[in-house]
Amino acid sequence: MSNNHRELTGREKQRIKKLITSLCANHDKEYGCLPLDCECPMFGICYTNSALCSYFRKSVLPEDAELEAVFTRTPTTNCKQCGKPFPVDGKRVYCSERCAEEARRQQTAARVRKHREKKQQM
């Protein structure tokens, strides 16, 4: 296993805090982390090799693919339709079926438009 651990950027720390306050079921604004009965330890992580809360890793972190890639060190690519980053998975170029369908619709419209223009010129 390579030693690619690094310090988290300020932006990454902000995104972690935002995910916790908005999506974590164990976090309460008044009491902090409910199972631990203290301030959420995830607010203090500074490195990519830090121990993550198991609930955060399994349920909250997958909501932000780019941030998940920082901790799992999986390569990501950007969706050709919407631009969102997603984990590389074979030959996929779109992050979701919805993006793929929208791209197919646009390609079909462009192909039909080109065919009509060619037909009118004849």
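In this predicted model, glutamate 101 and arginine 104 both lie in helix H4 (residues 97–121). They are 3 residues apart, so about one helical turn separates them. The two form a salt bridge, with the closest N and O atoms 2.8 Å apart. Arginine 104 also meets the side chain of glutamate 97 in a salt bridge (3.5 Å, N to O). Glutamate 97 counts as exposed, at 57% relative accessibility. Arginine 104 is partly exposed at 41%, and glutamate 101 is partly exposed at 37%.

The whole structure contains 4 salt bridges. One of them pairs aspartate 64 with arginine 15, the closest N and O atoms being 2.8 Å apart. This pair links distant parts of the chain. Aspartate 64 sits in the loop between H2 and H3, and arginine 15 in helix H1, 49 residues away. Both residues are buried.

Helix H1 has 14 residues, which should span 20 Å at 1.5 Å a residue; the end C-alpha atoms are 20 Å apart, in agreement. The buried residues of H1 are Glu12, Arg15, Ile16, Leu19 and Ile20. Viewed down the helix axis, they fall within an arc of 135° and so line one face. Arg11, Gln14, Lys18 and Ser22 are exposed on the other side. Cover for the buried residues includes strand S1 (27–28), H2 and H3.

The largest nonpolar core holds 16 residues. Ile16, Ile20, Met42, Ile45, Phe56 and Phe71 touch the most other members. Helices H1 (10–23), H2 (54–60) and H3 (65–72) each supply at least two core residues. Beyond its neighbours within four places in sequence, isoleucine 20 contacts His27, Cys40, Met42, Phe43 and Phe56.

Notes. Residues are numbered from 1 along each chain as its sequence is written. This is a predicted model: local features need pLDDT of at least 70, side-chain atom pairs count only at pLDDT 80 or more; totals for chains, interfaces and linings use all residues. Side-chain values use heavy atoms; hydrogens and water are left out. A nonpolar core is a set of buried Ala, Val, Leu, Ile, Met, Phe, Trp, Tyr and Cys residues joined through side-chain atoms within 4.5 Å. Buried means under 20% relative accessible area, exposed over 50%, partly exposed in between (1.4 Å probe, protein chains only). Helices (H or I, at least four residues) and strands (E, at least two) are DSSP runs, numbered from the N terminus. Contact means heavy atoms within 4.5 Å. The expected span of a helix is 1.5 Å times one less than its number of residues. The arc is that of the directions from the helix axis to the C-beta atoms.
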